[in-house]
Amino acid sequence: MGSIATADRRDPTALRRPFHATIGLGALDASDAINADAVDLSVSGMSVRTDMLPDVGVQMEFRFMLEDGKPIDARGEVVWTHDEGCLLYTSPSPRDRTRS
């Protein structure tokens with residue numbers, strides 16, 4: 001994937017980079033997961049596109065694979081939605097937070 005990074009909308013010092021992957025996305029209080037397409041990624045968030053937009057404030061669990069094949073499990077909160085996408089503020093699992 002590309003290496004172009006842009007300033008994060010919430011933190012001007014954080015960098016976002018394009019990241020394209022299918023992610024499994026589900027609300028913490030529901031058993032059904034949906035697929036979403038990742039658009040970009042930073043240390044603290046991920047933009048995704050999905051046909052079923054969750055409400056702002058909903059806590060989500062999601063799983064995706066990095067480009068090197070490592071699976072990542074994370075939790076996040078939907079901080080905004082717009083048209084076909086939303087932004088998740090992420091909190092990676094302790095196991096994934098320590099990966100190098």
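**The core and its rings**

Modeller: The largest nonpolar core has 18 residues, and those with the most contacts inside it are Phe-19, Ile-23, Met-46, Val-48, Phe-62, Phe-64 and Leu-88. The elements giving two or more residues to this core are S3, S4, S5, S6, strand S7 (71-82) and strand S8 (85-92). By nonpolar core I mean a set of buried Ala, Val, Leu, Ile, Met, Phe, Trp, Tyr and Cys residues joined through side-chain atoms within 4.5 Å. Buried is under 20% relative accessible area, exposed is over 50%, and partly exposed is in between (1.4 Å probe, protein chains only). Strands (E, at least two residues) are DSSP runs, numbered from the N terminus.

Keep in mind that this is a predicted model, where local features need pLDDT of at least 70 and side-chain atom pairs count only at pLDDT 80 or more, while totals for chains, interfaces and linings use all residues. Residues are numbered from 1 along each chain as its sequence is written, and side-chain values use heavy atoms, with hydrogens and water left out.

Now the rings. Rings of Phe, Tyr and Trp (its six-membered ring) pair if their centres lie within 6.5 Å; planes under 30 degrees apart are stacked, over 60 edge-to-face, and the rest tilted. That rule gives 2 aromatic pairs. In one of them, the ring centres of Phe-19 and Phe-64 are 5.6 Å apart with the planes at 70°, so this pair is edge-to-face. Phe-19 sits in the loop between strand S2 (15-18) and strand S3 (22-27), while Phe-64 belongs to strand S6 (residues 59-65), so the pair ties together parts that are 45 residues apart in sequence. Phe-62 and Phe-64 make a stacked pair, 6.3 Å centre to centre with 15° between the planes. Put together, Phe-19, Phe-62 and Phe-64 form one aromatic cluster. Phe-19 and Phe-64 are both buried; Phe-64 has 6% relative accessibility, and Phe-62, at 4%, counts as buried too.

Strand S5 (residues 45-49) is worth a look as well: 4 of its 5 residues are buried, so S5 is largely enclosed by the rest of the structure. Strand S4 (residues 34-41) pairs with S5 in the antiparallel sense over 4 bridges, where pairing takes at least two bridges found by DSSP. Asp-37 has Arg-49 in S5 as its bridge partner. S4 and S5 form a hairpin, with 3 residues between them.
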